[in-house]
Amino acid sequence: MPELPEVEVIARQIREAYLGKCLRRVIARPVRMYQNIAPEEFARQLSHGCLKQVERYGKWMYWQVDALYPVFHLGMSGIFLKRKEDSRHPEHIHLEFYFDDGSQLFFQDTRKFGKIYLYRQPPQWHQLGVDPTKENFTLNKFKELLHLKGVRIKSLLMDQQVIAGIGNIYASEILFRAGISPFRSAKKIDDREAERLYHAIHTVLREAIERFGTTYRAYRTVDGTTGSNQQFLKVYHREGEPCPVCGTPIRKAMIDNRSTFYCERCQR
DNA sequence: TCTGACCTGCGA
DNA sequence: TCGCAGGTCAGA
């Protein structure tokens, strides 16, 4: 579910609403998502700490709570929800944060594919490639990355060890925006195409963040509202609809077992 | 490079 | 009832 733009929106909203607040209580339900700590221990260690930092890298988010660093991956259906006083307790809440000013923040993950860690220092992201919103994602760096592996360009864009943050929706949208076929070999992308792709990555991700993310199904902002970027998707999940540029019906194919949407006329 | 596993819910 | 869904990982 949440790709870079959705996680960015969630991180910004958590920062805005909770930064500086202190935890009164944390409740962690026993689910498989905890990778390096037991849920009850996670809750015990974070209780009474104060939220000092909220950061995102790729599809990952981490907080600083005093000297501890909880790290979250939202999987396919993970979201953070601001609890409203009078609202019913939603289903599939695995983690509850109660702050000392009375505000509450819940982690909900219907499919339980999310991952949670607790560290004593900020995560270093050794396993992750460059985050395309950070300054070190330069055009030259991107051109280098294209030659790293002999795979199709869509697979490369989605490879978290190469570029961290692009998932299945935005990979299709970026390739459409750049006019490049998802089946092309990454190594055979020439300089002019690389430039188009580089700009498409920035534009597509930036616009998605500005629109509070893409709500295809489960994703909600921390306020519980949907994003609006789904209204602006050009190809994702639009199989059979006319291409917004040339009118040719959008096609669907499988790449790495993931649905891939493209215009065979505009994307070469 | 592909398949299945991990989960639950939705829509055809 | 079946296929599919924004992700990742292990194993063949």
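Q: A disulfide is a pair of cysteine sulfur atoms within 2.5 Å; how far apart are the sulfur atoms of C22 and C50?
A: The sulfur atoms of C22 and C50 are 2.0 Å apart. That value falls within the 2.5 Å limit, so the pair is called a disulfide. The structure holds 1 disulfide. In general, such a link is a covalent bond between the sulfur atoms of two cysteines.

Q: What kind of model is this, and how is it numbered?
A: This is a predicted model, in which local features need pLDDT of at least 70 and side-chain atom pairs count only at pLDDT 80 or more, while totals for chains, interfaces and linings use all residues. Residues are numbered from 1 along each chain as its sequence is written, chains are lettered from A and ligands numbered from 1 in the order in which they are written, and side-chain values use heavy atoms, with hydrogens and water left out.

Q: Why is the disulfide of C22 and C50 given a hand?
A: The torsion about its S-S bond is about 95°, so this disulfide is right-handed.

Q: Which parts of the chain does the pair link?
A: Distant ones: C22 and C50 are 28 residues apart. C22 is in the loop between α1 (4–18) and β1 (23–28), and C50 is in the loop between α2 (39–46) and β2 (51–57). Helices (H or I, at least four residues) and strands (E, at least two) are DSSP runs, numbered from the N terminus. Both C22 and C50 are buried (under 20% relative accessible area; exposed is over 50%, partly exposed in between, with a 1.4 Å probe and protein chains only).

Q: How do you know whether S47 is buried or exposed?
A: S47 has a relative accessible area of 19%, which is under 20%, so it is buried. S47 lies in the loop between α2 and β2. Its side chain reaches the backbone nitrogen of V26 at 3.4 Å.

Q: What makes a residue count as being around DNA strand B?
A: A residue is near a strand if one of its heavy atoms lies within 4 Å of it. DNA strand B is surrounded by residues including R32, T110, R111, F113 and D256. The surface near DNA strand B has 2 nonpolar, 3 polar and 6 charged residues. Here Ala, Val, Leu, Ile, Met, Phe, Trp, Tyr, Cys and Pro count as nonpolar, Asp, Glu, Lys and Arg as charged, and the others, Gly among them, as polar.

Q: Which atoms of DNA strand B lie within 4 Å of the protein?
A: Of these atoms, 59% belong to sugar or phosphate, and the rest to bases. On the protein side, a polar side-chain atom of H92 lies 2.9 Å from a phosphate oxygen of DNA strand B. For an N or O atom in the side chain of K112, the distance to a phosphate oxygen is 2.5 Å; for R152 it is 3.5 Å.

Q: What makes two aromatic rings a pair, and which residues do ring pairs link into a cluster?
A: Rings of Phe, Tyr and Trp (its six-membered ring) pair if their centres lie within 6.5 Å; planes under 30 degrees apart count as stacked, over 60 as edge-to-face and the rest as tilted. By this rule there are 21 aromatic pairs. Ring pairs link Y57, W60, Y62, Y69, Y117, Y119 and W125 into a cluster.

Q: Why is R211 said to sit over the ring of F232?
A: A charge sits over a ring if NZ of Lys or CZ of Arg is within 6 Å of the ring centre and within 35 degrees of the ring normal. The charged end of R211 is 3.7 Å from the centre of the F232 ring, over which it sits.

Notes: Polar contact = N/O pair within 3.5 Å; in protein donor to acceptor, adjacent residues only side chain to side chain.
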